[in-house]
Amino acid sequence: MKVHIKKGDNVVVLSGREGLRGATGKVKTVLPREGMVVVEGVNIVKKAVRPNPRNPQGGFIEQEAPLHASKVMPICPSCEKPTRIRKKLLDDGSKIRVCAKCGSSLETR
């Protein structure tokens, strides 16, 4: 599946359970085969872990769980609003992602 989100984008969560909706954060990981993204500080779950060399005590750890990419929308850095993405063809033949509202580039690199 083609994912419209890239690592490092600031995104807002559009749908999900009550505490999740409206949350914003930076994308840590993109999983294109599953169509999922991991957002920093959003969708925190508790996971039970057995004692191991890294965690000799065991117990519960908190970590971010993936969200489906269709549930998040990127935030435009210039107009600072959630926006859809359009592709713009440059003179050299490459494509960049641009904000559908204001037309500014979303590329961080």
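A pocket is an open set of grid points where a 1.4 Å probe fits, with protein on both sides within 12 Å along at least five of seven lines, and its lining residues have an atom within 4 Å of a point. With that in hand, let us visit this predicted model in a series of close-up views.

**View 1. The largest pocket and its lining.** About 180 Å³ of space lies in the largest pocket of this model. Which residues line the largest pocket? They are Lys2, Val3, His4, Ile5, Lys6, Ile85, Lys87, Lys95, Ile96, Arg97 and Glu107. Strand 8 (85-89) and strand 9 (95-99) are the elements that each give two or more residues to this lining. The largest share, 3 residues, comes from strand 9. Sorted by class, the lining has 6 charged, 4 nonpolar and 1 polar residues. Rolling a probe the size of a water molecule over the atoms shows where empty space is left.

View 2. The domain assignment of the protein chain gives domain 1 (1-75) and domain 2 (76-108). How far apart are the C-alpha centres of the two domains? The centres of domain 1 and domain 2 lie 24 Å apart. Where the domains touch, 8 residues of domain 1 are in contact with 11 residues of domain 2. The largest pocket from View 1 involves both of them: its lining draws at least three residues from each of domain 1 and domain 2.

**View 3. Strand 1 and its two partners.** Strand 1 (residues 10-13) runs antiparallel to strand 2 (residues 24-31), and 3 bridges join them. To find one of these links, look for Val12, whose bridge partner in strand 2 is Thr24. Strand 1 also pairs with strand 7 in the antiparallel sense, over 3 bridges.

**View 4. Met36 in strand 3.** Met36 lies in strand 3, which covers residues 36-39. Not counting residues up to four places away in sequence, Met36 touches Val30, Leu31, Pro66, Leu67, His68 and Ala69. Met36 and Ile5 are 31 residues apart in sequence, while their C-alpha atoms are 9.5 Å apart in space. Strand 3 pairs with strand 6 in the antiparallel sense over 2 bridges, and Val37 stands opposite Leu67 in strand 6.

**View 5. Pro66 in a loop.** Pro66 lies in the loop between strand 5 (59-64) and strand 6 (67-68). With a relative accessible area of 37%, Pro66 is partly exposed. Which residues does Pro66 contact, leaving aside its neighbours within four places in sequence? They are Leu31, Met36, Val37, Val38 and Asn43. Pro66 and Lys28 are 38 residues apart in sequence, and 9.9 Å separates them in space, C-alpha to C-alpha.

Note on methods:
Residues numbered from 1 in each chain as written. Predicted model: local features only at pLDDT ≥ 70, side-chain atom pairs only at ≥ 80, totals over all residues. Heavy atoms only, no water. Helix = DSSP H or I, 4+ residues; strand = E, 2+ residues; numbered from the N terminus. Buried < 20%, exposed > 50% of the residue type's maximum accessible area, 1.4 Å probe, protein only. Contact = heavy atoms within 4.5 Å. Pairing = 2+ DSSP bridges. 1 Å grid on protein atoms, 1.4 Å probe; cavity = no way out; pocket = protein on both sides within 12 Å on 5 of 7 lines; lining within 4 Å. Points joined across faces, edges and corners; volume = space filled by probe spheres on them. Nonpolar A, V, L, I, M, F, W, Y, C, P; charged D, E, K, R; others polar. Domains from an automatic or database assignment.
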